[in-house]
Structure formats: structure tokens, C-alpha cells
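Have the structure open as you read.

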Amino acid sequence: MLGRYTRVYGRHRMAGHIRDALIALEAANNAASIVTENARDFHRWQKLLRATGQSLMVFDVRKLA
């Protein structure tokens, strides 16, 4: 997924994204949703996961209030 992220979004600091990638993968594998203030980054992971046939629900906590 990190390789795909680089191809789609360009260079990145792996250390800055590895935790988000692991959270996104774990949520997708367990049919869980993510509620976060960091929705922008997780929407990127959502798109990348969708390309592999997996789904991920992402909610921006700031919009839920």
C-alpha cells in the first residue's frame, strides 16, 4: 500500500504514514469504521483500499458534532 500511495500521491515520509496505513488495513480487515480528526489522510487510504476491493468507512469527528 505504501508503494501504491507513492505512485498516486507522490513522495512521502514513510514514518509519517505507516501507522495510518496499519490502522486503515486493520479497520478494513475487521469491517470497522474510523472516526478521526485526520479524515483527509484516511480518505486517501480509503481510496487506495477501494482499488484493491476492500472497503473502509471514515468519519470526520469534527463533522459529527
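A residue counts as buried when its relative accessible area is under 20%, as exposed when that area is over 50%, and as partly exposed in between. Keep in mind that this is a predicted model.

**The strand pair**

Let's start with β2. One face of this strand, with V58 and D60, is covered, while the other, with M57 and F59, is uncovered. Which way do β1 and β2 run relative to each other, parallel or antiparallel? They run parallel, and four bridges join them. For S33, the bridge partner in β2 is M57.

**Helix α3 and its cover**

Helix α3 takes in residues 39-50, twelve in number. From its first C-alpha to its last it reaches 16 Å, close to the 16 Å expected at 1.5 Å a residue. Which residues of α3 are buried? They are A39, D41, F42, W45, Q46, L48 and L49. The cover over these buried residues includes α1 (2-9), α2 (14-29), β1 (33-36) and β2.

**The nonpolar patch**

Now for the surface. V35, M57, F59, V61 and L64 make a nonpolar patch of about 430 Å². Two elements, β2 (57-60) and α4 (61-64), each give two or more residues to this patch. M57 and F59 also form the uncovered face of β2. V61, for its part, sits in helix α4.

**Two loop residues**

N38 lies in the loop between β1 and α3. A31 belongs to another loop, the one between α2 and β1. The phi of A31 is near 55 degrees, a positive value in a residue other than glycine. As a rule, most residues other than glycine have a negative phi.

| Residue | Relative accessible area | Class |
|---|---|---|
| N38 | 28% | partly exposed |
| A31 | 73% | exposed |

So A31 is exposed because its 73% is over the 50% cut-off.

Terms used
Residues numbered from 1 in each chain as written. Predicted model: local features only at pLDDT ≥ 70, side-chain atom pairs only at ≥ 80, totals over all residues. Heavy atoms only, no water. Patch = residues over 30% accessible without salt bridge, like charges linked within 9 Å, V, L, I, M, F, W, Y side chains within 5 Å. Areas by Shrake-Rupley, 256 points an atom, 1.4 Å probe, with all protein chains shown as cover. Salt bridge = Lys/Arg side-chain N within 4 Å of Asp/Glu carboxyl O. Expected span 1.5 Å × (residues − 1). Buried < 20%, exposed > 50% of the residue type's maximum accessible area, 1.4 Å probe, protein only. Contact = heavy atoms within 4.5 Å. Pairing = 2+ DSSP bridges.
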